[in-house]
Every structure is written in C-alpha cells, then in structure tokens.
Amino acid sequence: TRERNDVVINAVLGLADPLVKGTVTPDCYIIHTDPQADSFHLLERHLVSKRGEPTGTLPDTPMPDPDLQQPSLTDEEAFALASLTKQIERAMNHAVDVEWAIDERGIWILQARSIPETAAPPALGALTDATCAWSRANFKETLPEQPSPVGLSFLRQFMETNILQPYLQLGCSIPSGLSSVRTILGRPYINVTLFQSFMAQLGGDPALVTEQMGGNAPAPPAVKRLPWWALLRAGLMMEWKIRQAARRAPRWFAEMKRMAETYKDSATDSVSPAELLSRLDQLGKQLSSHDLTFAIVAGVSQGFSALQRLLERRVGKNWRPLLNGALQGSGTVVSARQIVRLAEYAAIAKEEPAAVEFFFTDPWEPQQFRDALAGTRFLDAFDGYLTEYGHRAVGESDVMSPRFSEDPQYVLGMIREQVIAPPLLSMRDVRRRQANARGQSLQRIRTAIGWRYHERVYLNWWHRRLSRFLALREANRHHLMYFTAAVRHLLLLLGRQFTSCGVLNRQDD
C-alpha cells in the first residue's frame, strides 16, 4: 500500500507451491499497525474460494464444501504475523518482504528480504482499490457512524453521477474498476488517491485534496498532467461551471426547498408503489441535471489554490494557519444563524416558568415537550425553528436519519444545555473573536506583501471569492437536505404501503 504502518499478508491453505506457481489466488489481509500503542487493526480481508487446482508436482486434496470459504488465517494469526514482520523490519532497519509458514507448533519465519523504499509511486493505470488510500474523515460529519444500506446506495450513486462524471467531462481519466467510494465494515470511505490523481491531472496540488477532505496525505500516484490544450479547455469549462453555479444557486436552492414542501403537503397516501418509485426517479433526475455541488466545491478548491500560490511565495511554509485565520467566520452563514437561534430560544426559555420547569426536570422527558410547553412563547418560537431547519438531522446525508421535524429531541437537548449551563462565550463574543482573527491574519498577509499593489488586488479579489464559495458550499448542503427530506418522505410512504400488505415488517425496513 506504500503506507509505512501497513502490513499486507497473502495466505493460502496447505503448501505454498500453488501460490508460487500462480495457480491459486491467495486470501489477502491488510493490517494497520500503530507503533506508538503497539496495536493492530484489520483494514481489509479479501477471502477467495479454496477449491484447489492440480499443480502437476504435488497431490491436491479437495476440501469439503463447507470449508471452501473458510479463511486461511484467523485474525489473531494475521496480527501475530504483522507483529513479527515489524520486528524483522526493525532488526533489518528496512521494509521487508517475509516468507512464512504456520503449522500446529506455531509460526515459522522462512526468509526475509529488503524492499527498496525509493520505488516510484504506481502509475494511475496500475492503481487498484487495494492500493489506494481511503478516508472517512469527509463522511463522518454528515453521515451516521454506520449508515443505512439505502443511504450508502444513494451516496455511491451521488458520487458516481454528480462528482465523477464532471471530472470525466474535464478530460480526466479513471482506471477501469477503480471506485470513488467503498464500504468497509458498513462504513463508507472515499478514495483519496483517486481525487489526488484528478488534481494532478489538472495541474493542481494533490495536497489540497486532504485540505478539504481531512485525513492524512498519502503520496499521490504517478500521473501525467493533461496536455496544455486540454488544460486550457478544462480551465475554461471549469470557470464557466463555477460562474454558472454562483449565478444559478439562489434559484436552485429555492427549487429544492419547494421540492420538500410539495411532497410533504401533497396527498400521496393513496398513490401506488409504482407511482412513488416513479416520483423517486424524477427527483433523482432533477438532482442529477441541476446539482451544483461539483462546481461549488471546485470554486472553493480554486480559491484555496490561487491563494496558496501567493502565500507560499510571501509567507512561506506556514501559510495554511494564516489563511485559515483570514477565513474565520466565512462560509458559516447558515450554521451561524442556526446556532444563534438556539441561543435566543434558551434566553426565551429562561424567562418562562413553564419552560424552566420543563428543562430542569430530572429525569428529563423531551418527548412530552408539546404538552409541557403548551401556550408558551418558547413553543411558538421553537415551531418557527422547526419550520426553517426541521429538514436537517444528525447524520443528515443518510435519508434514513430522522429529521428534526420528526424527532426534535436532539435540538431540545442543545437548548437545555444552554438553559442549565450557559456557554462561557456568547455568540456575539464568538463572532467578534472571529472578526478579530480574520482582520489580524489579513493584516499580516498584507504586511508580507508590502508595496506590491497588484498582489494586494489579487489577494482581495480571491479572498472575497473564496469566502463567497465557502458560504455557498454550506448553503448548498443546507438545501440538499430538502432533497433528502423529500426522498425520505417518499421512501417512508413506500414503506408504509409495503408494511400494510405484509411485504415488510416495519415502515423503515
């Protein structure tokens, strides 16, 4: 995998001769080691059928059918092999390729030889899912710890249609069989290496991929940059998409909001399952043809790249913290308003005895909030919050995550925390600190630029543009959840019909 702390193990049952001759496919285990904690974690386990092939030199004993799918190694044996391999690596002071065998007495080390660590990264066409770096840092913010199967299905379809296709339109290539998202132990991971390759093909800095996705930056694959004429075409096409996104965003956001309201209010209980599925397809086509996610994220990436070039030249290696400071508070218009509302509701609750009693009651019963708060100003205000933000949720990118309008207990819990133990800083103080940090960082950058007036103009223009697209990125996510809420509504109607006729046991199955 070219990751220093990974150990890859290939294993077969019986003697190694068929493996050496290439007549059988081995089981493959990828173990991640943590040298600090001396711990091991199984990243991947790929098992194959054990139906053997005659080798011509050794007798081949067929296995009973029930045993054909059993693993060659237990997890404990794989961890023990990984530990031994790391010990040998430390003894030889070099990465190693180890041959081994296991019998009833334990593990035997047969041979170890050095692996050159200066080997060039694999070419793009040589990449496979097993040799790419994967991260779930980008998904942990918006998906549950373990998403639903239908949520994973939507995620894969969205990535393939709305993210990968635009890269192909720009002229980028994707090796056959390489996927953008994988599900490992029920959790989705994004292919960092693949998106690094896109950035490299387009002449950008692959390190920016992990700037936006999170996680650590592995070595990017060996990728040929597109020829100059293809880069020019891609650049013009990308700039057109970015400008179109900024212009079309308000209209598209309003359309997504109407989507959710239309399906929520329409009488769809009597609609047949076939019609419900047809409406789901229509929603999917509408999203695919109008979605602005790729262009908006490209606008953010373009802004980071443009400012990186300037800051690396004038500030040096420490440009990232300075740029982060200069962007404090940018792109948080939607979330900031959402948080400010909760602080305001906590203040209202403190002024009403019924609300104070409700939030301080122990044990707390949030599901009784409507009865406990009936007739209060707080309940009226909170209903207004649910009207505006009820389509959001915890793990909201999964269509099976209940929306706040369905289950407001999480939001009520956040208000309760502020009623019982108010935050040390008010939102006004937080915004003031962000503004101070932003102003100080921008002043440091301008000081580093000095008298170069043209670079000051460049800085101001790109800073405004990047701030705008950061805000658009958050607004896009907010409005995409209207689409998700509409899909969820149709799916639950479908589930209700299937439950009533005995096809499903529960509506959300």
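I looked up R377 and found a salt bridge to E351, with the closest N and O atoms 3.1 Å apart. A salt bridge here is a side-chain nitrogen of Lys or Arg within 4 Å of a carboxyl oxygen of Asp or Glu. The pair links distant parts of the chain, 26 residues apart: R377 sits in helix α14 (residues 377–389), and E351 in the loop between α11 (333–350) and α12 (353–360). Helices (H or I, at least four residues) and strands (E, at least two) are DSSP runs numbered from the N terminus. My search of the whole structure gave 21 salt bridges.

The model is predicted, so local features need pLDDT of at least 70 and side-chain atom pairs pLDDT 80 or more, while totals for chains, interfaces and linings use all residues. Residues are numbered from 1 along each chain as its sequence is written, and side-chain values use heavy atoms, without hydrogens and water.

Next I checked helix α8 (residues 273–290) against helix α17 (residues 453–500): they pack at about 165°, axes 10 Å apart. Axes are lines fitted to C-alpha atoms over the stretch in contact, and angles run from 0 to 180 degrees between N-to-C directions. The two helices are therefore roughly antiparallel, a term for angles over 145 degrees. In the contact (heavy atoms within 4.5 Å), I noted residues including L276, L280 and L283 of α8 and F483, L490 and F498 of α17.

Last, I looked at strands β4 (residues 96–103) and β5 (residues 106–114), which pair antiparallel over eight bridges; pairing requires at least two DSSP bridges. They form a hairpin with two residues between them, and D103 has G106 of β5 as its bridge partner.

Key. Parallel < 35°, antiparallel > 145°, perpendicular 65-115°, else oblique.
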